[in-house]
Amino acid sequence: MRTMRITRTAPLALIGGGLVALAIAFSLSGASEPALLDRTGPVVIWGLPVAKFGVNLAAAVVIGALLLSVTALVPGGPAQRRALALARASALVWTACAAVVALLTFQTVANLPLLAPDAGDAFATFFTGVPLGRATVAATVLAATAAVLTFTARSRATLVVSAAVALAGTVPLVLNSHAAGSRGHADSTVAIVLHVLAASVWVGGLLVLIAVRSAIPADQRAVVVRRYSSLALASFVALAVSGTVGAWATLGSWQELLSPYGALVLGKTAALSLLFACGAAQRLVVVRALDRRAPSAGRHFAALVVGELAIMGAASGVAAALARTTPPASPRTGVDGALLPEFGVVPALTQWRVDPLWLLVCGAAVVLYLGGIRRLRRRGESWPALRTASWLGGAALLLLVTNGGLHVYQGFLLSAHAATQAILLGALPLLLVGGAPGTLIERTVESRRDGTVGALEATRAIARPIRWISTRPLLPTIVLALALAATLASPLQRYAALTEPGYAVSVFVALAAGIVFASAVVPAAGLPRGDRFFALAGAAIVFGAYGAWVRAQAPLLEEVWFRAVGNPWGDAPSVAPEWSGPLLWGIAGAGLAVAAALVARRGGGVDPGGVPVTTAVVPAFAVATESRADA
C-alpha cells in the first residue's frame with residue numbers, strides 16, 4: 001500500500017508543482033496579458049504553455065523509460081516491462097500534446113482565436129511554408145514515430161533507436177524558438193538543446209524509477225538507483241553549464257536579471273540548486289543505505305524522490321513560462337568582427353568564445369580519464385604517463401579549437417574554418433588515440449552480466465565499426481576524403497559558418513573521421529606497416545588535392561561569410577581566403593609527418609591491453625561513472 005501511495009504521489013507532485021509554477025510564473029512575467037491587438041483569446045494564450053509543459057513532461061518520461069530500459073533495468077524483467085508500458089502511454093500523450101502545440105502555435109502566429117472559421121489557406125501555408133510551422137509538424141511526426149517504435153521495440157538495438165528518435169523529437173521546436181542566426185551574434189541554440197535533453201533524461205528517469213521501483217528485486221535496487229544516479233549527475237552538469245551559457249547569451253548583462261525574464265531565470269537557478277542538494281543526498285546517503293539494506297532506506301528514498309519531482313515540476317513550469325516570455329531586446333554577448341583584431345597566431349590563442357557542447361566534452365574527457373587512472377592506482381596498478389599526457393594534450397587542444405580563437409574567427413574567415421578542419425582531421429586525433437581510452441575502460445570497468453548496457457558495452461559497440469574500417473587499408477583514406485568533402489565542399493560548410501548546430505555537426509564529422517584514420521595508422525592499430533604507410537600516402541594526396549582546390553576556390557567559398565557578416569578587416573593580407581590552402585597543407589602535413597615517424601619507429605603491434613585504441617572521445621564519459629559493483 002505504501003509503495004502504491006508513493007507511486008501515485010510522485011507524478012502528482014511533478015504535475016501539480018509544474019502547473020502551479022507555470023501559472024504563477026506566466027502571470028508574474030506579464031506574458032499572460034493579451035496585447036492590444038491580440039485576437040487569440042485566453043484559451044490560446046494559456047493553452048500553449050500548458051501544452052508545451054505536457055510535451056516536455058511526456059517526452060521526458062518516454063526518454064527516461066527507454067534509457068533506463070537500456071542501461072539499468074534487466075531485459076525482459078518486470079521492471080523493464082513496466083517501464084516500456086509507461087513509455088508507450090506517455091508517447092501517445094506526447095503526440096497529442098505536440099499536435100495541440102502545433103495548432104495553438106498557428107493560432108498565435110496568425111493572431112486568430114481557436115478554430116476560427118476564417119483561417120482558410122493560412123492553415124496549410126503555415127505548416128508547409130513557414131519554418132516554425134514546419135518545426136511543429138516535425139515535432140509531432142517525431143513524437144508519433146517514437147510512439148510507434150515504443151510499441152514495436154523489443155531488442156536492445158530497437159530500444160536504442162527508439163531512444164534516439166525520442167531525443168531527436170525534442171529538438172525541432174528548440175531550433176526554431178531560439179536564436180540561430182549569424183555566428184557573429186549571440187547564439188544559444190546548442191545550449192538550449194543540451195539543456196532540454198539533459199532535463200528530459202533527469203526528470204523522466206527519476207519519474208520512471210519511482211514508477212518501477214516495486215518491480216525491481218530488493219537486492220538490485222541499489223544497483224539500479226546508482227546507475228540512474230550516474231545519468232542524473234551527468235544531466236545536472238549539462239544543465240548547469242548549458243543553462244548558464246544560454247541565459248547569458250539571452251540576457252547579456254547582470255542588469256537584465258531584474259527584468260521579468262531574468263526573474264524567471266533566477267527562479268530556475270534556485271530550483272536547480274535545490275535539486276543539486278537532493279541529488280547529493282541521494283548519491284551520498286540514500287544509495288549507501290540501500291546498499292546496506294537499511295530498514296528506513298526505502299522510505300527515505302521515496303520521500304526524497306517525491307520532493308525532487310515537486311521541485312522538477314516547478315522548474316519545468318517556469319521553463320514553459322520562460323519560453324513564452326519576451327527576452328531582453330538586445331543581448332550584448334555576440335561577437336562583432338569589426339571589434340576583433342586581424343586573424344593571426346596571437347588572436348587565435350587569446351580570443352575565447354564558450355561552446356557549451358565541446359566544453360562539456362573536454363571537461364568530461366579529462367575528469368573521467370583521470371578518474372579511471374585513480375581507480376587503477378587504488379588497485380596498485382600503473383598507467384603510462386605518456387598516454388596520460390597524450391590524452392590531456394588532446395583534450396586541451398580540442399578545448400582551444402572549439403572554445404578559443406579559431407571558434408571566434410571561424411564565423412568570419414574561411415582560413416579559420418580550414419585550420420579547424422585540418423587540426424580535427426590531421427593532428428588532434430593522434431593525441432586522443434594515443435591516450436588509449438578504450439584500454440583504460442577495459443582495465444577499469446567490468447562487463448555487465450545482466451544484459452544491460454554500461455560503459456564497457458557502449459565502448460565495444462562504438463569500437464566495432466571503427467575497428468572494422470581502420471583495419472582496411474583503403475577505407476580510412478576514403479573516410480578522410482569524405483569528411484573533407486562534407487566540411488569544405490557541401491552545404492554543411494555554410495551551415496557551420498552561420499549556426500552553432502552546424503558548427504557542432506562539422507566538428508563531430510571531422511573529429512570522428514580523424515579518429516578513424518588515426519586508429520588505422522598509429523602503431524597500436526594492428527595494420528601491417530606497409531598498409532599504414534600506404535594509408536598515410538593516400539591521406540597526403542587527399543589533403544594536397546583539397547588544399548589546392550580550396551586555395552583556388554577560396555574567394556567564392558568565403559562569400560557565405562562575407563554575405564552574413566561583411567568584410568570587417570578589408571584587404572588585410574592576414575585574412576585573405578587564399579591562406580586556407582596553405583593552412584590545410586601545413587597543419588595536416590605536420591600531423592601526417594608525426595604519424596609516419598611513429599610508424600617508422602615502432603612498427604606494428606596491438607595495444608598491451610588487448611584492445612585497439614580506436615575509441616577516443618565518447619566512451620571516456622563512462623570511465624568514472626561505472627562502479628565495479630554494477631556488474
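Reader: What share of the contacts in the protein chain with a separation of 6 or more comes from residues 24 or more positions apart?

Author: Such residues account for 80% of those contacts, where a contact means heavy atoms within 4.5 Å. This is a predicted model, in which local features need pLDDT of at least 70, side-chain atom pairs count only at pLDDT 80 or more, and totals for chains, interfaces and linings use all residues. Residues are numbered from 1 along each chain as its sequence is written, and side-chain values use heavy atoms, with hydrogens and water left out.

Reader: How many helices and strands does the protein chain have?

Author: The chain has 24 helices and zero strands; both are DSSP runs numbered from the N terminus (helices H or I, at least four residues; strands E, at least two).

Reader: What makes H17 a mostly covered helix?

Author: Six of the eight residues of H17, which spans residues 437–444, are buried. Buried means under 20% relative accessible area, exposed over 50%, and partly exposed in between (1.4 Å probe, protein chains only). The buried residues are Pro437, Gly438, Thr439, Leu440, Ile441 and Thr444, and they pack against helices H13, H14, H16 and H18. In the protein chain as a whole, 52% of the 631 residues count as buried.

Reader: Why is H13 called roughly antiparallel to H14?

Author: The two helices pack at an angle of about 170°, with axes 9 Å apart. Axes are lines fitted to C-alpha atoms, for helices over the stretch in contact, and angles run from 0 to 180 degrees between N-to-C directions. Angles under 35 degrees count as roughly parallel, over 145 as roughly antiparallel, 65 to 115 as roughly perpendicular and the rest as oblique; H13 is therefore roughly antiparallel to H14. Among the residues of H13 that meet H14 are Trp358, Val361 and Tyr369, and those on the H14 side include Arg387, Trp391 and Leu398.

Reader: How do you know that aspartate 450 and arginine 227 form a salt bridge?

Author: Their side chains meet with N and O at 3.0 Å, and a salt bridge is a side-chain nitrogen of Lys or Arg within 4 Å of a carboxyl oxygen of Asp or Glu. Aspartate 450 lies in the loop between H17 and H18 and arginine 227 in H9, so the pair ties together parts that are 223 residues apart in sequence. Arginine 227 is buried, because its relative accessible area is 5%.

Reader: Why is arginine 443 called partly exposed?

Author: Arginine 443 has a relative accessible area of 29%, and is therefore partly exposed. The side chains of arginine 443 and glutamate 381 meet in a salt bridge (3.1 Å, N to O). Glutamate 381, at 31%, likewise counts as partly exposed. Salt bridges link Arg379, Glu381 and Arg443 in a network.

Reader: Why is leucine 482 called exposed?

Author: The relative accessible area of leucine 482 is 57%, and the residue is therefore exposed. Leucine 482 lies in helix H19. With Leu474, Ile478 and Phe534, Leu482 makes a nonpolar surface patch of about 410 Å². Patches are made of residues with over 30% relative accessible area and no salt bridge: like charges are joined within 9 Å, nonpolar side chains (Val, Leu, Ile, Met, Phe, Trp, Tyr) within 5 Å.

Note on methods: Areas by Shrake-Rupley, 256 points an atom, 1.4 Å probe, with all protein chains shown as cover.
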